[in-house]
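Colleague: Could you take me through this model, step by step, with the criteria behind each term?

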Amino acid sequence: MPAFLDPEWLISTFGLIGILAIVFAESGLLIGFFLPGDSLLFTAGLLIADGTYLSLPLWLMCLLVSVAAIAGDQFGYLFGRRFGPSLFRRPDSRLFKQENLTRAQEFFAKYGARSIVLARFVPIVRTFTPIVAGASHMHYRTFLLYNVIGGTIWGCGVTTLGYFLGQIPFVRSNIELILIAIVAVSVIPIAVELVRSRSAHR
C-alpha cells in the first residue's frame, strides 16, 4: 500500500490522535472510505503489546476507538439524513463514486438494522452504510443501538486481536501477511449472512 496508508507509519507519525481521526473519518465521512481501518486497529493493538509508539493501556485504547467509531457513524447518519437525496444525484469524482453508495444501499436494504453492525467489518461499505441509513430515515433509536453494538465489537475486537496476536513471534515476523488475512476475514460475516439468507429463501 502507499506509504501514507501504511498503519505503522500513520501511528508513528500521528499517534493516538491520528488513529482516532482515521477511525472517525472511515466510519462516516465520504472521503474516508479508502482509509485502513481494520489494519490500523490491529497494528495499534500490536504496538501497544510491544510498547512501541503507544504507551496507553489496552482498555483505554479500546474505549477511545469505540467512541470514535460510534461518533463517526453518528455523523454519517446525520449527514445522510440531511443531504441523502442529493447524494444519489451527485456525479462521480475522484473521491466519490456512485457505485459505493449504491453498494451500501443494497447492503442496507438486504440486512436492515443488522447492516449497521455487519458493515463494520466490510471496508468501503462501512463508510457508506450509516449515510444510507440516515438517507432512508431509519429510526434514530434503532440506529443508535446497533451503532453502539457494532462500534464496540469492531473497535474492541480488532484492537484486542492485534494486542494478543502481536505477542506471537510468527505474527510479528509476518505482519504484512496477517494484515492481508484480516481484510479477507472481514468478509466472513457477510458470507454467513448470505448463506442464512439463501437458506431462508429456500
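Predicted model: local features only at pLDDT ≥ 70, side-chain atom pairs only at ≥ 80, totals over all residues.

Modeller: Residues are numbered from 1 along each chain as its sequence is written, and side-chain values use heavy atoms, with hydrogens and water left out.

Colleague: How many helices and how many strands does the secondary structure of the chain come to?
Modeller: Helices (H or I, at least four residues) and strands (E, at least two) are taken as DSSP runs and numbered from the N terminus. From the N terminus on, the elements run α-α-α-α-α-α-α-α-α-α. The count is therefore 10 helices and zero strands.

Colleague: What percentage of the residues of the chain count as buried?
Modeller: Buried means under 20% relative accessible area, exposed over 50%, and partly exposed in between, with a 1.4 Å probe and protein chains only. For the 202 residues of the chain, the buried part is 47%.

Colleague: Which residues have the most contacts inside the largest nonpolar core?
Modeller: A nonpolar core is a set of buried Ala, Val, Leu, Ile, Met, Phe, Trp, Tyr and Cys residues joined through side-chain atoms within 4.5 Å. The largest nonpolar core has 27 residues, and α1 (7–28), α2 (37–50), α3 (58–87), α7 (140–165) and α9 (175–185) each supply at least two of its residues. A second, separate core of 14 residues includes Phe33, Leu87, Val132 and Met138. In the largest core, the residues with the most contacts are Ile19, Val23, Leu54 and Met61.

Colleague: Which residues does Met61 touch, not counting residues up to four places away in sequence?
Modeller: Contact means heavy atoms within 4.5 Å. With residues up to four places away in sequence left out, Met61 touches Leu16, Ile19, Ala44, Ile48, Leu54, Leu56 and Thr159.

Colleague: How many residues of α6 are buried?
Modeller: The buried residues of α6 include Val125, Phe128, Val132 and Ala135, and also Arg126. The helix α6 is largely enclosed by the rest of the structure, because the number of its residues that are buried is 11 of the 11.

Colleague: Are α1 and α6 parallel or oblique to each other?
Modeller: Axes are lines fitted to C-alpha atoms, for helices over the stretch in contact, and angles run from 0 to 180 degrees between N-to-C directions. The two helices α1 and α6 pack at an angle of about 60°, with their axes 5 Å apart, and the contact is made by Glu26, Ser27 and Gly28 of α1 and Arg126, Thr127, Pro130 and Ile131 of α6. Angles under 35 degrees count as roughly parallel, over 145 as roughly antiparallel, 65 to 115 as roughly perpendicular and the rest as oblique. The pair α1 and α6 is therefore oblique.

Colleague: Which backbone oxygen does the side chain of Thr127 reach?
Modeller: Thr127 lies in helix α6 (residues 125–135) and is buried, with a relative accessible area of 0%. Beyond four places in sequence, Thr127 touches Glu26, Ser27, Gly28, Leu29, Gly32 and Phe33. At 2.6 Å, the side chain of Thr127 reaches the backbone oxygen of Glu26.

Colleague: How far apart in space are Ser66 and Gly155, C-alpha to C-alpha?
Modeller: Ser66 lies in helix α3 and is buried, with a relative accessible area of 5%. Leaving aside neighbours within four places in sequence, Ser66 is in contact with Gly151, Thr152, Gly155 and Cys156. Ser66 and Gly155 are 89 residues apart in sequence, and their C-alpha distance in space is 4.8 Å.

Colleague: Is Tyr53 buried or partly exposed?
Modeller: Tyr53 has its place in the loop between α2 and α3, and has a positive phi of about 70° although it is not a glycine. Most residues other than glycine have a negative phi. With a relative accessible area of 49%, Tyr53 is partly exposed.

Colleague: What is the phi of His137, the residue in the loop between α6 and α7?
Modeller: His137 lies in the loop between α6 and α7, and is a residue other than glycine with a positive phi. The value of its phi is near 55°.

Technical notes
Polar contact = N/O pair within 3.5 Å; in protein donor to acceptor, adjacent residues only side chain to side chain.
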